[in-house]
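Subject: Structure handover

Dear colleague,

I am passing on the structure that I have been working through, and I would be glad if you could look at it alongside the notes in this email.

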Amino acid sequence: MLFFIMFFTFMNNVPSTTVLLRSLADQYRPLGMGIQNASIRVLGFIPGPILFGVVIDSTCKFFETDCGSEGSCWEYDSTKLRTQMVLLGMIPKLVSFIWFFLSWWFFKPAAAAEAHGAHVELDNRE
């Protein structure tokens with residue numbers, strides 16, 4: 001199961017870049033790539049280790065106690081840890097899949113939108 005989570009994690013990079021580049025006008029693509037990378041870093045890499053730490057600590061059965069303060073964990077509930085770690089890996093993938101599906105479903109290329117009577121205006125100032 002962990003193999004599939006990692007496989008779909010890395011398989012997500014190319015489609016997200018392709019969707020971004022196809023849905024933006026040429027002059028907005030660098031800005032779009034920058035916003036995408038910044039949001040991935042802020043929403044993924046900063047809270048990710050904190051969330052995994054909370055999940056790991058929540059599955060501890062026995063903490064070491066020294067002078068009334070809580071120390072390291074001595075024993076984890078392996079079944080609970082395994083379940084929570086897989087869910088923590090799968091839920092963001094499911095949300096990502098839903099957003100990709102919605103963007104595919106609702107996206108209309110500029111040529112198709114003009115054919116249906118929609119007015120598409122791109123800022124072509126140079």
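Below are the notes on a pocket, a pair of strands and the salt bridges.

Please keep in mind that this is a predicted model, in which local features need pLDDT of at least 70 and side-chain atom pairs count only at pLDDT 80 or more, while totals for chains, interfaces and linings use all residues. Residues are numbered from 1 along each chain as its sequence is written, and side-chain values use heavy atoms, with hydrogens and water left out.

The pocket comes first. A pocket here is an open set of points on a 1 Å grid over the protein atoms alone, where a 1.4 Å probe fits and protein lies on both sides within 12 Å along at least five of seven lines; its lining residues have an atom within 4 Å of a point. The largest pocket holds about 1,400 Å³ of space, a volume being the space filled by probe spheres set on the points, which are joined across faces, edges and corners. Its lining consists of 36 residues, and those nearest the centre are Asn12, Ile40, Gly44, Pro92 and Lys93. Helix H5 gives the most to this lining, with 11 residues (helices are DSSP runs of H or I with at least four residues, strands are runs of E with at least two, and both are numbered from the N terminus). By class, the lining has 20 nonpolar, 14 polar and 2 charged residues, where Ala, Val, Leu, Ile, Met, Phe, Trp, Tyr, Cys and Pro count as nonpolar, Asp, Glu, Lys and Arg as charged, and the others, Gly among them, as polar.

Next come the strands. Strand S1 (residues 60-66) and strand S2 (residues 69-76) pair in the antiparallel sense over 5 bridges, and two strands pair if DSSP finds at least two bridges between them. Phe62 stands opposite Glu75 in S2, and in the hairpin, which has 2 residues between the strands, Cys67 takes a positive phi near 55 degrees.

Finally, there are 2 salt bridges, each defined as a side-chain nitrogen of Lys or Arg within 4 Å of a carboxyl oxygen of Asp or Glu. Glu75 forms one with Lys61, their closest N and O atoms being 3.9 Å apart, and this pair links distant parts of the chain, 14 residues apart. Arg29 forms a salt bridge with Asp26, with the closest N and O atoms 3.1 Å apart.

Best wishes
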